Protein chains: 2
Amino acid sequence: MDKVTIKDIAREAGVSITTVSRVLNNKEEGMSNETREKVLRVIEKVNYQPNQLARSLVTKRSKMLGLIVPNISNPFFPELCRGAEDEANDHNYSLIICNSDDQLHKEENYLRLLKEQQVDGILLSSKDQLSETNKMQLRESKIPFIIFDRGEEGNQHSGVFLDNEKGGYLAGQHLIALGHTQIACITGPKNIHNSQKRLSGFQLALKEAALGLPEEFILTGDFKMDTAYQLAKEFLKNNRVTAIFACNDLMACGVYQAAHELGIRIPEQLSIIGFDDIPLITALIPKLTTIRQNTYEMGRKAIELLIHQIEHESSERVVFEPTLIVRESTKQINKVGGVDI
Amino acid sequence: MDKVTIKDIAREAGVSITTVSRVLNNKEEGMSNETREKVLRVIEKVNYQPNQLARSLVTKRSKMLGLIVPNISNPFFPELCRGAEDEANDHNYSLIICNSDDQLHKEENYLRLLKEQQVDGILLSSKDQLSETNKMQLRESKIPFIIFDRGEEGNQHSGVFLDNEKGGYLAGQHLIALGHTQIACITGPKNIHNSQKRLSGFQLALKEAALGLPEEFILTGDFKMDTAYQLAKEFLKNNRVTAIFACNDLMACGVYQAAHELGIRIPEQLSIIGFDDIPLITALIPKLTTIRQNTYEMGRKAIELLIHQIEHESSERVVFEPTLIVRESTKQINKVGGVDI
């Protein structure tokens, strides 16, 4: 066979053209696995390469979405990938993932690559705010896109966001309700919008309780475990606090390590509260109290919005609410001997 | 501008055609950021879509590689992604990642998708052994590919593998050297080759020391934390062992939780050894003793082999050696009162 067509494949597999077309377009619900495999085998045997461009011209769709994440090593993002992929698959789209490694340069390259690959839409979880180049790329490419979380963009773009300020506020309220007054906070990088919001929400809660957060009790981290470990170890050697708010769970892990090495018991001598509720955090002992964002559902919602935008050209912003998850790492301190909450 | 060429872009940006070409082909080393941004801006402004196919016809390369991983939620795989991406970028390739979610159906779909997208090569970290359809797809697509780890394929395919049997053997030797004789093992799924090898290596070490591993001390898990937690909790309620070998670190986390809830102290009353050395494991207290595989380097090596295969058509198999990393979760038991190792 020289120029193989969809007809030839249908004849060879003993199925209808519609069946072959359904397999090619990932619309296989209700088809027996046997039929599907048979078609796939013939497709491979004859080395049929459906003309992506020709197909796109008919369906106007590649049925492929792109997702750019800033740091695949933070377990927050695999959760996002899972949610995004499940939702994409439910709508018969495939998802390809690109890791920008917190580098603007890579983010721009991947945006270009996804455009060249003619994805139908892009979910962009940017390093932080969109760069001017990003914005231009997205505007000019005319590919529907959705912004995820990092990099609040006012009302400019449709996307899925978390109310980070409220999250920080909840963390502050919780520690205050437990009677803590000597509190430190480890933030993400100074210039990252999400981190600023978490801190300002936290400060607001403290201010409402007429408590202060001295400048020297605000430690600037980078959302990574090891840096938080170093910062916390140095800080805890020289300062007396009864509670620490870590602006993400990875940094809370670093504080656990530091406390462990200094012989400081959690939560008896030090309460710790994190942010994110990443899946692996359940492995920590004592279990971490944290501000949860439902990353999986946020990933699903983001793809839902994206597909809606692709198919109906309308756009939307959705803000998720964080919730306080009380576990074992925070404790009441204003009673003698300490009483569990 | 109606039909924009690379010449038009060079003129508009005030740079040479070579410079534009370098930007398009991601060969930007030594170029000032300013120049690069200028070219990118013009490209976006004129909405220049380099004809991917035409470019491929000239360079015969899309400079894009595909990576399929079975489960992005296991922190083992993000490490692989990072290594693979760094190596790909060093050679001016981009990497797109697909998550098959341990489903053969998705694996096959993504293989087809990557082929349609005309990637230059594929790194496949399969669920386990390659399916017949997988093999046919890879054979017929004529795209260079490399197998990663799961699914040992004898000498059939080039790839990067771990000596899993040796890893299991090292774990057994370590526990024996510490005086343990009552030992249990939590494995991965029964039909997964890697898990079988880890178990058989472990059994070999015990056999050499004239120790047995009773059938009822082999718990069949699924490489996930929660299942291991359930299994370990039930098991530890009803059996007395002094050590457990978990066939991956995630399952070791589950054993930690179970021991914690049952009031069993690690390592004083129970030694635990894991497998993988995933990055987040350093957050566990006490720190986990484990069998380390250098996932990041394995990812790098796999892409190195893949690019070599793309550019020189030669193929190779590389087997990595695991190493024992002694931390705090295993302890000598044959002395009264217990002595730290």
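This is a predicted model: local features need pLDDT of at least 70, side-chain atom pairs count only at pLDDT 80 or more; totals for chains, interfaces and linings use all residues.
Some ground rules. Residues count from 1 along each chain as its sequence is written, and chains are lettered from A in the order in which they are written. Local features need pLDDT of at least 70, side-chain atom pairs count only at pLDDT 80 or more, totals for chains, interfaces and linings use all residues, and side-chain values use heavy atoms, with hydrogens and water left out.

Chain A to begin. It has twelve helices and twelve strands. Those are DSSP runs, helices being H or I of at least four residues and strands E of at least two, numbered from the N terminus. Of its 341 residues, 61% are buried. Buried means under 20% relative accessible area, with a 1.4 Å probe and protein chains only.

On to the interface. The same surface serves both copies: 100% of chain B's contact residues recur in chain A. The area buried is about 5900 Å², with 50% from carbon and sulfur atoms. That is accessible area, 1.4 Å probe, lost when the two parts are put together, summed over both. In chain B, Glu44(B), Arg112(B) and Ile285(B) lose the most area to chain A, together 12% of what that side buries.

Charges next. The rule finds six salt bridges across the interface. It asks for a side-chain nitrogen of Lys or Arg within 4 Å of a carboxyl oxygen of Asp or Glu. Arg36(A) and Glu108(B) meet in a salt bridge, at 3.5 Å, N to O.

Last, helix α3 of chain A, residues 33–45. Its 13 residues should span 18 Å at 1.5 Å a residue, and its end C-alpha atoms are 18 Å apart, which agrees. The expected span is 1.5 Å times one less than the number of residues. Its buried residues include Arg36(A), Glu37(A) and Leu40(A). What do the buried residues of α3(A) pack against? α1 and α2 of chain A, together with α6 and α7 of chain B.

Key: Buried means under 20% relative accessible area, exposed over 50%, partly exposed in between (1.4 Å probe, protein chains only). Contact means heavy atoms within 4.5 Å.
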